[in-house]
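Please keep the sequence and the 3D view at hand while reading.

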Amino acid sequence: MRPLGYTRATDVASAVALLATAPDARALAGGTNLVDLMKLGVERPALLVDIARLPLDRIEVTPAGGLRIGATVRNSDLAAHPLVRDRYPVLSQAVLAGASGQLRNVATTGGNLLQRTRCLYFQDVTKPCNKRQPGSGCPARTGVHRDLAVLGTSEHCVATHPSDLAVALVALDAVLHLTGPDGDRTLPLTSFHRLPGDTPDLDTELAPAELITAVELPPPPTAVRSVYRKVRERASFAFATASLAALLEVRDGRVETVRLAFGALAPKPWRALTAEAALRGGPADEEAFGLALDAELAAARPLRDNAFKLPLARRLAVRELVRLTDAQESR
Ligand SMILES: Cc1cc2nc3c(=O)[nH]c(=O)nc-3n(C[C@H](O)[C@H](O)[C@H](O)COP(=O)(O)OP(=O)(O)OC[C@H]3O[C@@H](n4cnc5c(N)ncnc54)[C@H](O)[C@@H]3O)c2cc1C
Ligand code: SF4
């Protein structure tokens, strides 16, 4: 039996101070990932600092006309919020594509971004895994990797990031608000999740004892159509095989604004900057979309059983861009 401390924080400053008291303390939000990992023996914290009741559960309009989403806003509340549904429908769709109604009622915004990979070896403490135990090896490379990453991998880890929410937020240029022992800072979400490189055990840039306090969205781009589309093994309650958040504005047959992010292809939500650069200002047609996607996916390094994700992601993106174009032209 291992002793486990539990304490409920009353404000952000005390939560950070409590987290700083022990290197293996963990913030507990909805607990839907952390508690599962504790049961599996993957996470073995000595102290849980409950942050679920911190006053971070509001969604507010920012002075710039964007949205500030508190870190403990529940996934269900986020998806149902009128401002999110009206002005950021891609975000609402992404949240509703994840988990189940019951889980979304408990899971939080911050916790969703910090959930760990679903790689089978990571979750099985009897197996080696560089992410869980650095230097122990990556059995997924030659073992079960059908669901794992094709972009941004390293020889040390090929895990995917599982969040749907994060994919939409990356496409929306979200910025994180963080508070830690050294004070407050902001960080673009695109820079928050790390590629594995030589240190696959480090998922994010979160510093020790640091908390996500909020996610800020800039005002939504005007005249843009958007969609979140998720391909998965079953219609609900399944992680993505591949997913896409797309925002597109077409003017006079040319791409005015485009933002694309993929889920389940990489160890982080993958902003498709190469495809975006190829598309911007060019013709909004199927051929141009296909060429841009080919350029984006050229960097992929698929393994034995997951090369199918490349044509899948290409078709998914081309089809959704064509649909968004058609929807604008028929207005
Ligand atoms: C069966 C099942 C199916 C699922 N399917 C999907 C899916 O399809 N798509 C999807 O996106 N997700 C899915 N999920 C994941 C689910 O969305 C996450 O478990 C959930 O969002 C995590 O939020 P939480 O508040 O419960 O986090 P917790 O479990 O409380 O915390 C997760 C991690 O984040 C840390 N943490 C939490 N909040 C903060 C904060 N504010 N600052 C710093 N650290 C923090 C914790 O210390 C912990 O390390 C599924 C989960 C389950 C169990
Ligand atoms: S892919 Fe990453 S998480 Fe999975 S076994 Fe390899 S090192 Fe571990």
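For the class counts below, Ala, Val, Leu, Ile, Met, Phe, Trp, Tyr, Cys and Pro count as nonpolar, Asp, Glu, Lys and Arg as charged, and the others, Gly among them, as polar. The model is predicted. By these classes, the lining of the second largest pocket has 9 nonpolar, 9 polar and 5 charged residues.

**Second largest pocket**

The volume of this second largest pocket is about 400 Å³. Its lining consists of 23 residues, and those nearest the centre are Arg118, Asp147, Thr160, Phe239 and Ala240. Strand β10, residues 240-251, gives the largest share of the lining, with 3 residues.

**Overall form**

The protein chain has 11 helices and 12 strands. Its C-alpha trace spans about 65 × 50 × 35 Å along the principal axes. The radius of gyration of the protein chain is 20 Å, which agrees with the value near 20 Å for a compact globule of 331 residues. Of these 331 residues, 51% count as buried.

How many cavities of 30 Å³ or more does a search of the whole structure find? The search finds 2.

Which cavity holds ligand 2? Ligand 2 sits in the second largest cavity. There are 13 residues around ligand 2, and Cys119, Cys129, Cys138, Cys157 and Val158 come nearest. By class, the shell around ligand 2 has 10 nonpolar, 2 polar and 1 charged residues.

**Two alanines with positive phi**

Alanine 209 is not a glycine, yet its phi is positive, at about 65°. This alanine is in the loop between β7 (183-188) and β8 (211-217). Is alanine 209 buried or exposed? Its relative accessible area is 16%, and buried means under 20%, so alanine 209 counts as buried.

Alanine 223 also has a positive phi, near 60°, as a residue other than glycine. Its place is in the loop between β8 and β9 (225-232). With a relative accessible area of 41%, alanine 223 is partly exposed, because that class covers the values between 20% and 50%.

**Pairs of residues in sequence and in space**

Three further residues can each be described by setting, accessibility and the separation from a partner in the chain.

Arginine 8 belongs to strand β1, which covers residues 5-8. Its relative accessible area is 39%, so arginine 8 is partly exposed. Between arginine 8 and glycine 65 there are 34 Å from C-alpha to C-alpha, and the two are 57 residues apart along the chain.

Valine 125 is in the loop between α7 (109-113) and α8 (165-171). At 43% relative accessibility, this valine is partly exposed. How far apart in space are the C-alpha atoms of valine 125 and valine 42? They are 6.4 Å apart, with a sequence separation of 83 residues.

Leucine 279 is in helix α9, residues 273-279. It counts as buried, because its relative accessibility is 2% and the limit for buried is under 20%. The C-alpha atoms of leucine 279 and glycine 290 are 9.9 Å apart, and the two residues are 11 apart in sequence.

Note on methods
Residues numbered from 1 in each chain as written. Chains lettered and ligands numbered in written order. Predicted model: local features only at pLDDT ≥ 70, side-chain atom pairs only at ≥ 80, totals over all residues. Heavy atoms only, no water. 1 Å grid on protein atoms, 1.4 Å probe; cavity = no way out; pocket = protein on both sides within 12 Å on 5 of 7 lines; lining within 4 Å. Points joined across faces, edges and corners; volume = space filled by probe spheres on them. Near = heavy atom within 4 Å. Sits in = over half its atoms within 2 Å of the grid points. Helix = DSSP H or I, 4+ residues; strand = E, 2+ residues; numbered from the N terminus. Rg over C-alpha atoms; globule rule 2.2 N^0.38 Å. Buried < 20%, exposed > 50% of the residue type's maximum accessible area, 1.4 Å probe, protein only.
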